[in-house]
Amino acid sequence: MTYTTGICVCLLCISLNPQKIFLKHFYLSYNDFITNMRNFTKEDFTNNKVNLHIHTTFSDGKADAFDIVKQAKDKGYKKIAICDHNTMEAHKVVKDNILIPAVEFDVWCGYVFLHLLAYNVDVNNEELQAVCAKSKKETELDIIRFFSKRDIKKLIQAIHNAGGIAVLAHPCCCWALSLDRFVKKLVSYGLDGIEVYYPYPRWRKYIRFSNPDCIEKIAEKYNLIKTGGTDLHGKFLN
Ligand SMILES: [Zn+2]
Ligand SMILES: [Zn+2]
């Protein structure tokens with residue numbers, strides 16, 4: 001395993017700003033991270049051992065980021081990912097081995113609006129920070145987030161440049177006429193994974209445009225990493 005760190009921890013840097021030591025995250029290399037992600041099983045996601053889609057008060061969630069980490073440990077989770085809308089701020093204050101540094105971006109691809117998850121990103125990467133929210137509203141309000149000006153190709157490239165992987169969130173919420181062709185296009189732009197294990201509840205204002213049963217087949221067809229999470233916006237982990 002190759003570990004790199006997003007912040008310099010030399011004695012000089014630490015002595016100039018002792019707080020930096022608390023902000024240190026450990027990142028796996030892109031390839032090691034992909035290997036780890038592929039090792040998660042369907043059961044890990046469905047039996048509440050791994051949840052890679054959690055929102056906190058840093059965006060439109062109700063959960064406190066520190067409390068979510070505590071809950072995950074108490075409940076025996078292997079890994080969780082806090083992925084707030086368009087912001088990595090949670091990861092600048094909460095650091096824990098159970099936590100994957102992540103973010104969920106609003107972005108358009110042609111006529112389709114989508115949510116793109118990024119995992120294992122260096123939260124101090126300037127290129128990625130540049131495409132993050134500039135105001136709290138951009139992390140909360142759907143109507144503002146819907147007018148995202150991010151460029152999908154550049155966004156995926158920025159995620160890769162920050163050491164991360166790009167994953168299509170809740171794909172059945174995309175209004176692409178053919179989800180298969182849409183995913184194929186994203187793969188050509190560098191998409192690494194797709195959220196397969198996602199509970200599509202009707203009450204979360206999202207409409208399902210395609211049947212979740214087809215997602216696993218699409219994931220296998222394009223050799224995508226299969227991820228999962230509950231898109232938690234409430235206070236408590238299952
Ligand atoms: Zn949300
Ligand atoms: Zn989403």
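Two strands are taken to pair if DSSP finds at least two bridges between them, strands (E, at least two residues) and helices (H or I, at least four residues) being DSSP runs numbered from the N terminus. The views show a predicted model, in which local features need pLDDT of at least 70, side-chain atom pairs count only at pLDDT 80 or more, and totals for chains, interfaces and linings use all residues. Residues are numbered from 1 along each chain as its sequence is written, while chains are lettered from A and ligands numbered from 1 in the order in which they are written.

View 1. Strand β4 (residues 79-82) pairs with β3 (residues 50-54) in the parallel sense over three bridges; I54 stands opposite I82 of β4. From β3 the chain passes through helix α4 (residues 65-74) to β4 in a right-handed β-α-β crossover (clockwise from the first strand over the helix to the second, with the strands pointing away from the viewer). β4 and β5 also pair in the parallel sense, over three bridges, and A81 has I100 in β5 as its bridge partner.

**View 2. The β5-β6 hairpin.** Strand β6 (residues 112-119) pairs with β5 in the antiparallel sense over eight bridges. The hairpin has two residues between its strands, and G110 in the turn has a positive phi of about 65°. C109 has V112 in β6 as its bridge partner.

**View 3. Surroundings of A118.** Contacts of A118 (C-beta atoms, placed from the backbone, within 7 Å) include A102, F105 and I159, not counting residues up to four places away in sequence.

Technical notes
Two residues are in contact if their C-beta atoms, placed from the backbone, lie within 7 Å.
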